[in-house]
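Please keep the sequence and the structure in view while reading.

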Amino acid sequence: MSGETSVRLFCLPFEGASAGVFLPWAEALGSSVVVTPVELPGRGRHPRTRPCGRLEPLLAGIIPYVARMRDRPFALYGHGFGALLAYEIAARLEWEHDAVAERLYVSGTGVPHRSGPEHAVAQLPEAELLRRLGDRGRIPPGALDPRRAPRVLPALRADLAVLEAYRRDPRHVVHCPVTAMGGSDDPSVSGADLAGWRRCTRRSLRVDTVSGDHYFPLTARWELLDTFSRDLIRPGAGTRRAAGRPRVPAGSGPGARAGGPGTGNKSCPVSPPSPSWPAEVSA
């Protein structure tokens, strides 16, 4: 490991989404926190691959990439389905590579567990699938757009299939602090759900409430970036932002009109064409 003072933040997307949702974070945080989106099969840079509906083959493609990119201290962030992946990656890096994250961020979900048959939705007809997700406030951006739905829905079904079949290994208790975040207006995740992450770490658990619904990473981006800055930017980082905060472009920030992926920012659609991606974004 090098003597870098910066931290690499691996970001795992929510169900049905491309890791392109995290691209605007990289410019805002600068080089002190190196945002590294991890793309999944069937979306973003990998549109011609089939989405993977089984956890082990999915992790078999992701973990070698993450291990290879550990050129400095690292942290992991995942939202929804991405939180499950971030947690499993953190645990397996400890087991297989003796590598402990600086911090694990999980948002938009409690500790994943195997769903009962009455809650399984991955194989439902499209209309019923969307109705059930709508009842929970969890229809991902693009799923209702006729132009994007043919790309989003197969990825969504694959991710839901992984979630519904998941069984947590009780040995997977990480040795890094965990921050669990939930949206203030998210009816699908309670404070008790977030507090349940306590049994997944031997270090501290912090529970944060972020303004917004289930998809608050798209609308409360600056709150999240502020959290990452406070936690991860270290004294002596060569390009540290003033006061340890991300640079907020004019007309942006918490008081500005919501923008960004999924909310009308044309510079970063949820599934960007390959040329717009940094070379390192892959799995």
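## Sheet and helices

Helix 3 lies across strand 1, strand 3 and strand 4, and its direction is at about 150° to that of strand 3. Helix 8 also packs on the sheet, where it touches strand 1, strand 2, strand 3, strand 4, strand 5 and strand 6. The direction of helix 8 makes about 155° with that of strand 6. The model is a predicted one.

The sheet itself is open and is formed by six strands in the order 2-1-3-4-5-6, with parallel pairing. Strand 2 (33–37) and strand 6 (205–210) are the edge strands, each pairing on one side only. On average, neighbouring strands of this sheet are turned by 20° against each other, direction ignored. Within the sheet, strand 4 and strand 5 pair in the parallel sense over four bridges. Leu104 stands opposite Val178 in strand 5.

In soluble globular proteins, nonpolar side chains tend to be buried together. Here the largest nonpolar core has 54 residues, and the members that touch the most others are Leu76, Leu85, Ile89 and Leu104. Two or more residues of this core come from each of strand 1 (7–12), helix 2 (55–68), strand 3 (74–79), helix 3 (81–97), strand 4 (104–107), helix 4 (126–135), helix 5 (149–165) and strand 5 (178–183). Helix 3 gives the largest share, 10 residues.

Which residues does Leu104 touch, not counting those up to four places away in sequence? They are Leu76, Ala86, Tyr87, Ala90, Cys176, Pro177, Val178 and Thr179. Another core lies apart from the largest one; it has 28 residues, including Cys11, Phe14, Ala19 and Leu232.

## Helix 8

Helix 8 has 12 residues and spans 16 Å from its first C-alpha to its last, close to the 16 Å expected at 1.5 Å a residue. Is this helix mostly covered or mostly uncovered? It is mostly covered, since nine of its 12 residues are buried. The buried residues are Arg221, Trp222, Leu224, Leu225, Asp226, Thr227, Phe228, Ser229 and Leu232.

## Salt bridges

Side chains of opposite charge can pair when their charged atoms come close. The structure holds 15 salt bridges.

Glu128 and Arg131 are three residues apart in helix 4, so about one helical turn separates them. Glu128 is partly exposed, at a relative accessible area of 25%, and Arg131 is partly exposed too, at 42%. Arg171 is exposed, with a relative accessible area of 53%.

Asp226 and Arg230 both belong to helix 8 (residues 221–232), four residues apart, which is about one turn of the helix. An α-helix has 3.6 residues a turn, so residues three or four places apart point the same way. In this pair, Asp226 is buried, with a relative accessible area of 15%, whereas Arg230 is exposed, with 54%.

Salt bridges can also be linked to one another. Arg103, Arg206, Asp208 and Asp231 are joined in such a network.

Terms used: Residues are numbered from 1 along each chain as its sequence is written. This is a predicted model: local features need pLDDT of at least 70, side-chain atom pairs count only at pLDDT 80 or more; totals for chains, interfaces and linings use all residues. Side-chain values use heavy atoms; hydrogens and water are left out. A nonpolar core is a set of buried Ala, Val, Leu, Ile, Met, Phe, Trp, Tyr and Cys residues joined through side-chain atoms within 4.5 Å. Buried means under 20% relative accessible area, exposed over 50%, partly exposed in between (1.4 Å probe, protein chains only). Contact means heavy atoms within 4.5 Å. A salt bridge is a side-chain nitrogen of Lys or Arg within 4 Å of a carboxyl oxygen of Asp or Glu. The expected span of a helix is 1.5 Å times one less than its number of residues. Two strands pair if DSSP finds at least two bridges between them. Axes are lines fitted to C-alpha atoms, for helices over the stretch in contact, and angles run from 0 to 180 degrees between N-to-C directions.
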